[in-house]
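The sequence and the structure come first.

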Amino acid sequence: MGIFSVPVTIRNLAPPHSQHELSLMVDTGSLFTWIATPTLEKIGIRPVGSQKFKTITGSLIERKYGYLEVGYAGHSGAMNVVFGEPGDMEVLGVTALETMCVAADPVKQVLTPVVALAV
């Protein structure tokens with residue numbers, strides 16, 4: 001898969017008027033969305049817990065997480081966000097894509113709308 005970034009708007013769920021625009025790399029190999037801690041703190045997002053993660057090198061790290069809303073081209077959804085520390089990449093993870101009902105198109109380097117599946 002090609003690597004590309006997309007412009008997104010992140011919003012605090014309460015108050016929702018607190019938002020920030022940034023560009024995130026699309027990473028379908030990452031379960032969660034990762035954003036630098038100072039950016040999240042700037043719009044008032046607070047951690048609610050911590051989670052262990054295995055890095056690409058196999059080592060374990062622990063990071064705080066919280067909740068936010070991510071928007072892209074008229075699509076949005078609430079999701080978990082990991083509080084990135086220095087050296088962590090900022091990425092838009094696969095749960096964000098699924099929550100917003102979009103799919104990564106590596107050829108056009110955009111996110112395209114998809115129809116959600118029902119059970």
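## Parallel pairing of S3 and S6

Ile35 has Phe83 in S6 as its bridge partner. The strands involved are S3 (residues 33-36) and S6 (residues 75-84), which pair in the parallel sense over 4 bridges. Two strands are said to pair if DSSP finds at least two bridges between them. Helices (H or I, at least four residues) and strands (E, at least two) are DSSP runs, numbered from the N terminus.

## Basis of the model

The model is predicted: local features need pLDDT of at least 70, side-chain atom pairs count only at pLDDT 80 or more, and totals for chains, interfaces and linings use all residues. Residues are numbered from 1 along each chain as its sequence is written, and side-chain values use heavy atoms, with hydrogens and water left out.

## Antiparallel pairings

S6 also pairs with S5, in the antiparallel sense and over 8 bridges. Within this pair, Gly71 has Ser76 in S6 as its bridge partner. The hairpin of S5 and S6 has 2 residues between the strands, and Ala73 takes a positive phi near 45 degrees there.

S5 (residues 60-72) is joined to S1 by 3 bridges, and these two strands run antiparallel. Gly71 in S5 is the bridge partner of Thr9. S1 (residues 5-11) pairs with S2 (residues 19-27) as well, in the antiparallel sense over 7 bridges. Pro7 stands opposite Ser23 in S2. In a regular strand, side chains alternate between the two faces of the sheet.

## Overall fold

The chain contains 2 helices and 9 strands. Read from the N terminus, the order of elements is β-β-β-α-β-β-β-β-α-β-β. The radius of gyration of the chain is 14 Å, close to the 14 Å that the globule rule gives for 119 residues, so the chain is as compact as a globular protein of that length. Here the radius of gyration is taken over C-alpha atoms, and the globule rule is 2.2 Å times the number of residues to the power 0.38. Along the principal axes, the C-alpha atoms fill a box of roughly 40 × 35 × 30 Å.

Contact means heavy atoms within 4.5 Å. Among contacts between residues at least 6 apart in sequence, 50% join residues at least 24 apart.

## Burial and surface

Of the 119 residues, 37% count as buried. Buried means under 20% relative accessible area, exposed over 50%, and partly exposed in between (1.4 Å probe, protein chains only). The chain exposes about 6900 Å², of which carbon and sulfur atoms supply 56%. These areas come from the Shrake-Rupley method with a 1.4 Å probe; for residues, only the protein chains shown count as cover.

## Individual positions

Thr37 lies in helix H1 (residues 37-42). Thr37 counts as buried, at 19% relative accessibility. Leaving aside neighbours within four places in sequence, Thr37 is in contact with Phe83 and Gly84. Phe83 is also the residue in S6 that bridges to Ile35.

Two loop residues are exposed. Gly29, in the loop between S2 and S3, counts as exposed at 71% relative accessibility. The C-alpha atoms of Gly29 and Leu92 are separated by 9.9 Å, with the two residues 63 apart along the chain. Ile56, in the loop between strand S4 (49-54) and S5, is exposed with a relative accessible area of 91%. The C-alpha atoms of Ile56 and Ser18 are separated by 33 Å, with the two residues 38 apart along the chain.
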